[in-house]
Amino acid sequence: MLIQTVSLGKKYKNGIVALYDIDLSIDYGEFVFLTGESGAGKSTLIRLLFREELPSSGQILISGRSTMRLSKKDIVRLRRNTGVVFQDFRLMERSTVFDNVAFALKAVERPWDEIKKRVPRVLERVGLAGREQENVMHLSGGEQQRVAIARAIINNPIILFADEPTGDLDPRTSMELMELFNEINEQGTTLVMATHDKNIVDTYNKRVLTLSAGRLISDSVGGWQL
Amino acid sequence: MKLSSFRYIVPQAFKSMFHNGLMTVAAILTITISLFLCTAFWLLIINVDANARQIEDDVRVLAYLSEDTTEDQYAAIEEEILAIPGVASCEFVGKDEGIKELEARFGGVDLEETLGGENPLPDRFSIMAETTDDVTTIADKVSNLAAVDVVRYGEGTVEKLFALTDTMRRVGVAVMILLALAAVVLIAMTIRLAVMARKKEIMVMKWVGATNAFIRLPFLLEGIFLGLFGGLLALVLVLLAYVNAGDYLASTISFVLVLDIGQVWLNTLVFTLAAGLLLGIFGSLFPLARFMDV
Ligand SMILES: Nc1ncnc2c1ncn2[C@@H]1O[C@H](COP(=O)(O)OP(=O)(O)OP(=O)(O)O)[C@@H](O)[C@H]1O
Ligand SMILES: [Mg+2]
């Protein structure tokens with residue numbers, strides 16, 4: 001099992017309990033939607049899974065190892081195997097497409113020769129071939145999200161987390177991006193995507209986890225549950 | 001952390017310094033001013049010290065002979081002085097010689113002319129003691145001699161000078177600590193701003209699995225660069241000021257000893273750069289420890 005949670009709970013410092021006793025497991029190569037109304041705890045769960053936040057109770061096991069007891073070295077290794085994209089892209093404005101994507105390789109200290117070769121390749125993969133020198137602020141929303149995806153997958157992560165990646169995009173652009181995500185998943189990357197877009201969930205016949213007020217209320221395949 | 005990664009880290013440090021322009025300038029200037037004051041103060045102390053030591057080497061009892069002493073008595077007085085225990089040597093200095101010495105000390109003024117063609121100095125014996133400790137007893141005994149008018153010796157001056165350098169050292173240490181603190185605070189503020197300005201990039205670096213060292217090193221380097229730039233600037237300024245002040249002093253009061261720049265430049269260089277480096281490291285470590293961890 002790639003991801004497993006055991007009575008996972010999260011209580012924020014302000015006293016709000018965002019998650020109660022979540023038990024779930026996700027296997028290698030799966031494509032999982034995480035749905036639920038606003039405030040249900042989707043983003044919280046994703047932040048716990050990529051270790052941006054730590055659980056207040058329970059456990060998260062990645063490849064059988066608890067993420068609570070990792071050394072700094074192991075945390076770094078876990079992150080290199082994990083990609084993440086957000087609704088608001090979180091790109092470096094004022095930088096080019098190339099620089100934004102290359103940044104992820106520089107950060108993991110890859111040699112410059114390798115970076116120069118790999119960035120164009122990943123841009124081709126996300127449908128932005130030849131757009132290296134454009135400033136990211138001059139791209140459309142869908143294209144900006146493609147840059148963010150390129151940055152997230154360039155290190156070939158085993159898991160890709162996406163928190164409402166199409167939340168700010170129109171339906172058509174969303175569907176185009178979903179095709180890209182589907183391809184990435186078909187090439188072997190496990191995908192966990194939070195979304196509250198019923199249309200998207202219904203279009204793809206994938207596993208759907210539904211959260212409500214911090215509890216996992218359903219785990220089924222295909223279609224919107226609420 | 002790979003050595004080759006410095007190619008990514010060093011430009012980040014410089015970019016951040018330019019991005020943070022005003023704060024960078026403020027931090028460098030604070031370091032420069034702090035180190036300039038510290039170094040200038042230290043140079044002042046070692047020079048006063050050198051002067052005190054020179055006077056100490058030169059402590060002697062001056063026995064001025066009263067007006068009514070006749071020249072044929074001189075030999076007998078000299079014998080009496082030499083008989084005092086602890087006296088190493090005794091040298092006769094006639095009034096003409098005395099005024100020439102004084103004139104030389106004041107940089108070649110014609111004192112006799114200034115004083116209306118009259119030399120007010122009496123003849124004197126200049127007595128060297130075997131050790132500085134003997135000076136007081138010798139002075140006491142010499143003053144008991146009938147023909148001797150006034151006895152003067154430089155001991156008080158030396159003690160005062162050493163007391164002065166002592167006080168200066170103590171004040172200096174306190175001032176240095178305050179100045180260093182100011183410099184560290186300014187560097188810490190600069191690095192804090194730099195960290196905040198790059199918050200997003202730091203987050204992205206964390207997500208993709210950059211090591212703590214890789215994320216922090218640019219900021220540490222930025223602090224070190226600030227410290228070294230400030231130190232370098234202080235070094236240049238303090239040496240320029242030293243040469244000019246030294247020249248000025250030497251041309252006005254020639255009996256003041258000013259250490260040659262050759263004797264002080266190396267220590268000054270090591271101090272300013274090492275202090276700059278340390279300030280830079282401390283200044284950046286504080287915000288880094290507080291503001292980011294994986
Ligand atoms: N950093 C935080 N500190 C305190 N409370 C938080 C924090 N983040 C989220 N919460 C609270 O936790 C609960 C779950 O929030 P979360 O963002 O996980 O929901 P969500 O399902 O992602 O909602 P949305 O669909 O609006 O993005 C909410 O009540 C929210 O106010
Ligand atoms: Mg959310």
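**Entry 1: ligand 1**

I began with ligand 1 and noted that a polar side-chain atom of A:T44 lies 2.5 Å from one of the ligand's oxygen atoms. I count a polar contact as a pair of N or O atoms within 3.5 Å; within protein, one must be able to donate a hydrogen and the other to accept it, and residues adjacent in sequence count only if both atoms are side-chain atoms. The model is predicted: local features need pLDDT of at least 70 and side-chain atom pairs pLDDT 80 or more, while totals for chains, interfaces and linings use all residues. Residues are numbered from 1 along each chain as its sequence is written, chains are lettered from A and ligands numbered from 1 in the order in which they are written, and side-chain values use heavy atoms, with hydrogens and water left out.

I then looked up two further contacts. A backbone N or O atom of A:G41 lies 2.9 Å from an oxygen atom of ligand 1, and a polar side-chain atom of A:R47 lies 3.2 Å from a nitrogen atom of ligand 1. The protein covers 67% of the 630 Å² of accessible area that ligand 1 has on its own (Shrake-Rupley method, 1.4 Å probe; for residues, only the protein chains shown count as cover).

Which residues come nearest to ligand 1? I found A:S38, A:G39, A:K42, A:S43 and A:T44, out of the 15 residues around the ligand; a residue is near if one of its heavy atoms lies within 4 Å. Helix α1 (residues 42-49) of chain A gives the most to this shell, with four residues. I recorded the shell as four nonpolar, seven polar and four charged residues. Here Ala, Val, Leu, Ile, Met, Phe, Trp, Tyr, Cys and Pro count as nonpolar, Asp, Glu, Lys and Arg as charged, and the others, Gly among them, as polar.

**Entry 2: chain A**

I listed seven helices and ten strands in chain A (DSSP runs numbered from the N terminus: helices H or I, at least four residues; strands E, at least two). The radius of gyration of chain A is 17 Å, close to the 17 Å that the globule rule gives for 226 residues, so chain A is as compact as a globular protein of that length. The radius is taken over C-alpha atoms, and the rule is 2.2 Å times the number of residues to the power 0.38. Buried residues make up 54% of chain A (buried is under 20% relative accessible area, exposed over 50%, partly exposed in between; 1.4 Å probe, protein chains only).

Most residues other than glycine have a negative phi. I noted A:E164, not a glycine, with a positive phi of about 45°. A:E164 is in the loop between β7 (159-163) and α6 (171-186) of chain A. Is A:E164 buried or exposed? I found A:E164 buried, with a relative accessible area of 10%.

**Entry 3: chain B**

I listed ten helices and four strands in chain B. The radius of gyration of chain B is 30 Å, well over the 19 Å that the globule rule gives for 294 residues, so chain B is more spread out than a compact globule. The C-alpha trace of chain B spans about 100 × 40 × 30 Å along its principal axes.
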